[in-house]
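Dear colleague,

I am passing on the structure below, together with notes on what turned up in it. Please read the notes with the coordinates open beside you.

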Amino acid sequence: MTDTTCHLSLSLDGYVAGPDQSLADPLGRGGVELHRWHLGEPDHDADRTAVGWLMRPRGAYVMGRNMFGPVRGGWTPVDGADWTGWWGEEPPYHAPVFVLTHHPREPVEKAGGTTFHFVTHGFDAAYAAAVEAADGRGVDIAGGASTARQALLAGVVDELTLDIAPVLLGGGERLFDGVETFGFTPVEVVTSPRSTHVRYRREA
């Protein structure tokens with residue numbers, strides 16, 4: 001069976017992104033504060049450990065439309081060009097990425113082995129495609145909040161890692177709204193001044 005992971009940073013009040021995501025503010029207002037622990041070169045052993053968890057290679061990824069970019073509705077150009085993701089010419093995934101959307105689009109192939117595939121038939125279809133593409137090498141639910149929540153509700157996440165930043169956002173995208181049971185056991189905790197990193201595994 002494919003091992004499925006999900007690794008997200010969130011605030012003390014449960015938000016994984018701030019409100020009003022835009023081209024200038026991709027994580028929403030205040031959202032960048034959740035990620036200070038890994039921006040630049042981490043200078044604390046706990047943060048370096050968590051970066052290792054975050055960056056381990058996976059066979060395929062699933063992400064939501066909002067994580068792929070700021071475009072809403074149809075795939076209209078941004079600043080006169082087709083939007084191809086936040087990550088430049090070589091995204092960090094180096095594997096197929098399945099993006100949930102209501103609007104069809106041809107795949108976007110990038111350098112380093114990343115190809116974004118756009119799935120219009122919901123989370124289950126995107127996850128099934130990712131499992132097939134991963135071929136046993138693991139699937140990661142890359143976010144954002146809605147996609148991670150759908151994965152939790154579907155019961156497909158085997159390992160959940162949360163980087164809890166000492167920040168209150170007061171609004172934005174919440175992770176656990178509508179999730180009534182947790183069902184995970186903490187297996188590793190490391191802390192730094194910028195985040196408490198908790199790695200959970202699904203209870204047997």
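Among the contacts in the protein chain between residues at least 6 apart in sequence, 65% join residues at least 24 apart, where contact means heavy atoms within 4.5 Å. Please keep in mind that this is a predicted model, in which local features need pLDDT of at least 70 and side-chain atom pairs count only at pLDDT 80 or more, while totals for chains, interfaces and linings use all residues. Residues are numbered from 1 along each chain as its sequence is written, and side-chain values use heavy atoms, with hydrogens and water left out.

The overall picture comes first. The protein chain has four helices and 11 strands, these being DSSP runs numbered from the N terminus (H or I of at least four residues for helices, E of at least two for strands). Its radius of gyration is 16 Å, close to the 17 Å that the globule rule gives for 204 residues, so the chain is as compact as a globular protein of that length; the radius is taken over C-alpha atoms, and the rule is 2.2 Å times the number of residues to the power 0.38. The C-alpha trace spans about 40 × 40 × 35 Å along its principal axes, and buried residues make up 46% of the 204 residues (buried means under 20% relative accessible area, exposed over 50%, and partly exposed in between, with a 1.4 Å probe and protein chains only).

Nine strands form an open sheet of mixed pairing, in the order 5-6-4-3-7-1-8-11-10, two strands being paired if DSSP finds at least two bridges between them. The edges are strand 5 (108-109) and strand 10 (184-192), each of which pairs on one side only.

On the strand 7 side, Cys6 stands opposite Ile141 and Thr5 has Asp140 as its bridge partner, whereas in strand 8 the bridge partner of Ser9 is Asp163. Seven of the seven residues of strand 1 are buried, so this strand is largely enclosed by the rest of the structure. In a regular strand the side chains alternate between the two faces of the sheet. Here Thr4, Cys6, Leu8 and Leu10 point one way, and Thr5, His7 and Ser9 the other way.

Strand 8 also holds Ile164, which is partly exposed, with a relative accessible area of 25%. Leaving aside residues up to four places away in sequence, Ile164 touches Leu10, Leu12, Ser195, Thr196 and Val198.

Helix 1 (residues 45-55) lies across strand 1, strand 8 (159-164), strand 10 and strand 11 (195-202), running at about 135 degrees to strand 10; axes are lines fitted to C-alpha atoms, for helices over the stretch in contact, and angles run from 0 to 180 degrees between N-to-C directions. Helix 4 (residues 145-154) packs on the sheet, where it touches strand 1, strand 3 (60-64), strand 4 (96-100), strand 7, strand 8 and strand 10, and its direction makes about 135 degrees with that of strand 7. Among the buried residues of helix 4 are Ala145, Thr147, Ala148, Arg149, Ala151 and Leu152, and just after this helix Gly155 takes a positive phi of about 75 degrees.

Finally, the aromatic residues. The count comes to 14 aromatic pairs, where rings of Phe, Tyr and Trp (its six-membered ring) pair if their centres lie within 6.5 Å, and planes under 30 degrees apart count as stacked, over 60 as edge-to-face and the rest as tilted. Phe68 and Phe116 form an edge-to-face pair, 5.0 Å centre to centre with 65 degrees between the planes; this pair links distant parts of the chain, with Phe68 in helix 2 (residues 65-68) and Phe116 in strand 6 (residues 115-119), 48 residues apart. Both Phe68 and Phe116 are buried. Trp87 and Tyr93 are likewise edge-to-face, at 5.3 Å and 85 degrees; Trp87 is partly exposed at 24% relative accessible area, while Tyr93, at 11%, counts as buried.

With best regards
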